[in-house]
Amino acid sequence: MEKLSSKKEVNFLAFLFAVTYMVSYITRINYGAVIVSMKTATGFSESLLSLAVTGSFITYGVGQIISGMIGDRISPKKLVTYGLCLTVLMNTLIPFCPNPYVMAGVWCVNGFAQSFMWPPLVRLMTTLLSARDYVNATAKVTWGGNIGTMIIYLLSPVVVSLLGWKWVFWIAAICGAVMIIIWNKYSYEIGVQKREKVNTEVSTDKKYKLFTPMMIFIMVAIILQGSLRDGVATWMPSYVKASYDLGDAVSILTGVILPIFSIICIQLVTNIYMSKFTNPISCAALFFGVGVISAMGIYALSGKSVIISIILFALLSGSMHGVNLMLICMTPRVFEKSGKVSTVSGIINSCTYIGSAISTYGIALLSEKLGWDFTLLTWIIIALLGTIICYATKNAWHKRFN
């Protein structure tokens, strides 16, 4: 299929995909946003209710790999539709679940359904857009996730207070149902036949092999950025509460300020990449370096100023979103000729959630056993390792793909 050349078409496609990704976040992170309200209303413990979040996290990561492999063999438009349909069903069912164990089962299915979104979107953008348009579009699509996060954290308290926690899920299901109609009306259909032919022509080219030492190092860097990106978002409230005793106001700070700053950073990284770089690994190394400086600032100024701490947390989170943009969004595009874009996208994106899983448990354990000072020191080490890996890998990427 020919690349889209009309600016109007390109902008509309980016907007459509961003809204789709936004809805996927609204129907995925809503559970975590209202878990405290669910605890109050149902009487179940927070630890039991959180089983659903942990389980969906695992099924989402595993599903990324499966979705990626399937996405190169069937219509990506249909795959996104299947994911939306399933997530609408799961959001509808959650309020009817009699106990946390059934909730966990339903939400695990939802996590798997959500994994049907990103790899097919990457394949569609790679097929339909030029290299430059692809960079701009992926940045806008990632905005969608952050906007969805802000919507959930701003509106969920209002919905809970007026209608109750169940309506957070039902309203999300309605959003998903509307999105199914819009998606199927306006999204593009791309064929599989032509891509399979291309795949045959280049399948023996070592250039397009995925599990090479270079790609494995990149996957390790992705795990590191995932642990920092989601670790900061998850545990910033605990750190600020422990260090500055701000209480419930932290939920607003993390739910709104971090996504806003992430959008700004994503656009900044996009502009820098397009004007200064041709190698996404070099750009990732730069922003891992920004993460090192941010983490060092958090460590050095710990307990001294809540405003400075929040700014540095936002900078660390934003820089990791920039690294994510480079390593998750930009690297799969070069595999277009191999017909493995969706597969590559799913596999490397799953690495993010390995890092996220490690940080979810590891940061809690470290802060509890060894204190926040030691935990913050490990963040410096993680960012530094990511910087070193990307810097050491950038020349290999340049030789292989530039």
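## Helix H17 and its kink

The bend at a residue is the angle between axes fitted to the seven residues ending there and the seven starting there. In helix H17 (residues 372-401) there is a kink of about 35°, centred on Thr393. Helices here are DSSP runs of H or I with at least four residues, numbered from the N terminus. H17 has 30 residues and reaches 42 Å from its first C-alpha to its last, close to the 44 Å expected at 1.5 Å a residue. That expected span is 1.5 Å times one less than the number of residues.

The charged end of Lys394 sits over the ring of Tyr391, 4.8 Å from the ring centre. A charge counts as sitting over a ring if NZ of Lys or CZ of Arg is within 6 Å of the ring centre and within 35 degrees of the ring normal. Arg28 likewise lies over the face of Tyr25, at 4.5 Å from the ring centre.

## Basis of the model

This is a predicted model, in which local features need pLDDT of at least 70 and side-chain atom pairs count only at pLDDT 80 or more, while totals for chains, interfaces and linings use all residues. Residues are numbered from 1 along each chain as its sequence is written, and side-chain values use heavy atoms, with hydrogens and water left out.

Helix H8 (residues 118-128) is largely enclosed by the rest of the structure, because 11 of its 11 residues are buried. Buried means under 20% relative accessible area, exposed means over 50%, and partly exposed lies in between (1.4 Å probe, protein chains only). The buried residues of H8 include Trp118, Pro119 and Val122.

Ser345, in helix H16 (residues 341-369), touches Trp118, Pro119, Val122 and Pro332, not counting residues up to four places away in sequence. Contact means heavy atoms within 4.5 Å. The side chain of Ser345 also makes a polar contact with the side chain of Trp118 (3.4 Å). A polar contact is a pair of N or O atoms within 3.5 Å; within protein, one must be able to donate a hydrogen and the other to accept it, and residues adjacent in sequence count only if both atoms are side-chain atoms. Ser345 is buried, with a relative accessible area of 0%.

## Aromatic pairs

The whole structure contains 14 aromatic pairs. Rings of Phe, Tyr and Trp (its six-membered ring) pair if their centres lie within 6.5 Å; planes under 30 degrees apart count as stacked, over 60 as edge-to-face and the rest as tilted. Tyr60 and Tyr353 form an edge-to-face pair, 4.8 Å centre to centre with 80° between the planes. Tyr60 lies in helix H5 (residues 51-71) and Tyr353 in helix H16, so the pair ties together parts that are 293 residues apart in sequence. Both Tyr60 and Tyr353 are buried.

Phe96 and Trp170 form a tilted pair, 5.7 Å centre to centre with 45° between the planes. Phe96 is in the loop between helix H6 (76-93) and helix H7 (100-114), and Trp170 is in helix H10 (residues 166-186), 74 residues apart. Phe96 counts as exposed at 58% relative accessibility, and Trp170 is partly exposed at 21%. Elsewhere, ring pairs link Tyr31, Trp107, Trp165 and Phe169 into a cluster.

Val53 is found in helix H5 and is partly exposed, with a relative accessible area of 34%. Leaving aside neighbours within four places in sequence, Val53 is in contact with Tyr31 and Gly32.

Ser317 lies in helix H15 (residues 306-330) and is buried, with a relative accessible area of 2%.

How values were computed. Helix = DSSP H or I, 4+ residues; strand = E, 2+ residues; numbered from the N terminus.
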